[in-house]
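These are my notebook entries on a structure that I opened for the first time. I set down what I looked up, entry by entry.

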Amino acid sequence: MSTLPFSSLETLIQALPKAELHIHIEGSFEPELMFVIAQRNGIKLPYPDVKAIEQAYHFSDLQSFLDIYYAGAQVLLKEPDFYDLTWAYLTRVAQDNVRHVELFFDPQTHTDRGVPLLDVIEGIYRALKQAEVELGITSRMILCFLRHLSVEQAMETLQKALPFKDKITAVGLDSSEKGNPPEQFKAVFDAARLAGFLTVAHAGEEGPPEYIWQALEQLKVSRIDHGVRCDEDPKLIRHLAQHNIPLTVCPLSNVKLRVFENLSQHNLKTLLEEGLCITLNSDDPAYFGGYMNQNFLETSKALDLSAEQIVQLAKNSFTASFLKEEEKRKHQREIDAIFQVWEEAQSSID
Ligand code: ADE
Ligand code: ZN
């Protein structure tokens, strides 16, 4: 029976078209590429080799990861560096049958070191446009404000980004969550929406459900990044379900950053069964040990997800995206067709 087109959940996951909605491009920086770019820019990394970098990737919480993640990003200086970083990610996820990506970038991590915003945006954008033609991957860019920095600095970043408005779909909020509540950034998000940007925010990764409420009510976000701590507030769960507010959940990230002790304790399946629009994503795949399909596969195994639930996650990824309705439907029809073949294959096994 192994010759059937879908003999395992792994082959089903591989076959499904997927959208990735929660990926920090700086978090896709693989150690090998980090060495290449560091050398080309004449920067000495504080590690002798790739293996030493990988050995440093043990995190106790979000902050312990962010310290290493920001250090890695320091070698990115010029437009080709941002192009190479983005192209490497896109060619990798093309193998996972990812058809659409909405990627985060952290301008302040670069502009605060003197890197022109133009080089950051042009490098990323050039790779995204090439991917549309050569890999059949569509995309959107999301500019994230670093919440450990000031509101004034976020506002300044927004102003600097306005000339690139045609390339950026939404603004987001990331970095150290605890002690940096979304409500602090209300004025920045008001200004961003007025300028025509959509909004998203990391909330409820390490922070309390109250931060999710603030992101919804004050920042008026279209979706919540992570949001897994919503399960501490039944009223919030009902609100998310009733208003179809998607969560971009990142299971391997959550385990690496000790939000959950292990994957089998993750609440993704429970949230799906509570009717929430849950999507599955990699967050920072170079640091957390897996791209899209690895997240799908390990989560499916650990939580014993059904084929229907896996298909639902793939469909949700398009529902929750910023694609036009007709583009969403095109991908979802393909998913339905694949699921039908899967079911036929299963009934011939039974
Ligand atoms: N920046 C990159 N990854 C992040 C995460 N998981 N949470 C907050 N900020 C981030
Ligand atoms: Zn994230």
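Entry 1, terms. Before placing any residue I noted that helices are DSSP runs of H or I with at least four residues, that strands are runs of E with at least two, and that both are numbered from the N terminus. I also noted that the model is predicted.

Is Asn-244 buried or exposed? Its relative accessible area is 57%, and the cut-off for exposed is over 50%, so Asn-244 counts as exposed.

His-226 belongs to strand β6 (residues 223–226). Its relative accessibility is 0%, and therefore His-226 counts as buried.

Which residues lie around ligand 1? I listed His-24, Leu-62, Phe-65, Leu-66, Tyr-69, Asp-174, Ser-175, His-202, Glu-205, His-226, Asp-283 and Asp-284. I then looked for polar side-chain atoms beside the nitrogen of the ligand. A polar side-chain atom of Asp-284 is 2.7 Å from a nitrogen atom of ligand 1. For His-24, an N or O atom of the side chain is 3.4 Å from a nitrogen atom of ligand 1. For His-226, the distance from a polar side-chain atom to a nitrogen atom of the ligand is 3.5 Å. Taken alone, ligand 1 exposes 260 Å², and the protein buries 100% of that area.

I turned to the rings, since a pair of them is described by the distance of the centres and the angle of the planes. How many aromatic pairs does the structure hold? I found 11. One of them joins Phe-65 and Tyr-69, with 5.0 Å from centre to centre and 40° between the planes, and this pair is tilted. Both residues are in helix α4 (residues 62–73), and because they are four residues apart, about one helical turn separates them. Phe-65 and Tyr-69 are both buried.

Tyr-69 has a relative accessible area of 3% and is buried. Tyr-287 is buried as well, at 2%. I noted one aromatic cluster formed by Tyr-57, Phe-59, Phe-65, Tyr-69, Tyr-70, Tyr-287 and Phe-288.

I found the charged end of Arg-126 over the ring of Tyr-83, at 4.1 Å from the ring centre. The charged end of Lys-167 sits over the ring of Tyr-125, at 5.0 Å from its centre.

I counted 17 helices and eight strands. The radius of gyration is 20 Å, close to the 20 Å that the globule rule gives for 350 residues, so the protein is as compact as a globular protein of that length. Its C-alpha atoms fill a box of roughly 60 × 45 × 40 Å along the principal axes. Of the 350 residues, 57% count as buried.

Technical notes. Residues are numbered from 1 along each chain as its sequence is written. Chains are lettered from A and ligands numbered from 1 in the order in which they are written. This is a predicted model: local features need pLDDT of at least 70, side-chain atom pairs count only at pLDDT 80 or more; totals for chains, interfaces and linings use all residues. Side-chain values use heavy atoms; hydrogens and water are left out. Rings of Phe, Tyr and Trp (its six-membered ring) pair if their centres lie within 6.5 Å; planes under 30 degrees apart count as stacked, over 60 as edge-to-face and the rest as tilted. Buried means under 20% relative accessible area, exposed over 50%, partly exposed in between (1.4 Å probe, protein chains only). A charge sits over a ring if NZ of Lys or CZ of Arg is within 6 Å of the ring centre and within 35 degrees of the ring normal. A residue is near a molecule or strand if one of its heavy atoms lies within 4 Å of it. A polar contact is a pair of N or O atoms within 3.5 Å; within protein, one must be able to donate a hydrogen and the other to accept it, and residues adjacent in sequence count only if both atoms are side-chain atoms. Accessible areas come from the Shrake-Rupley method with a 1.4 Å probe; for residues, only the protein chains shown count as cover. The radius of gyration is taken over C-alpha atoms; the globule rule is 2.2 Å times the number of residues to the power 0.38.
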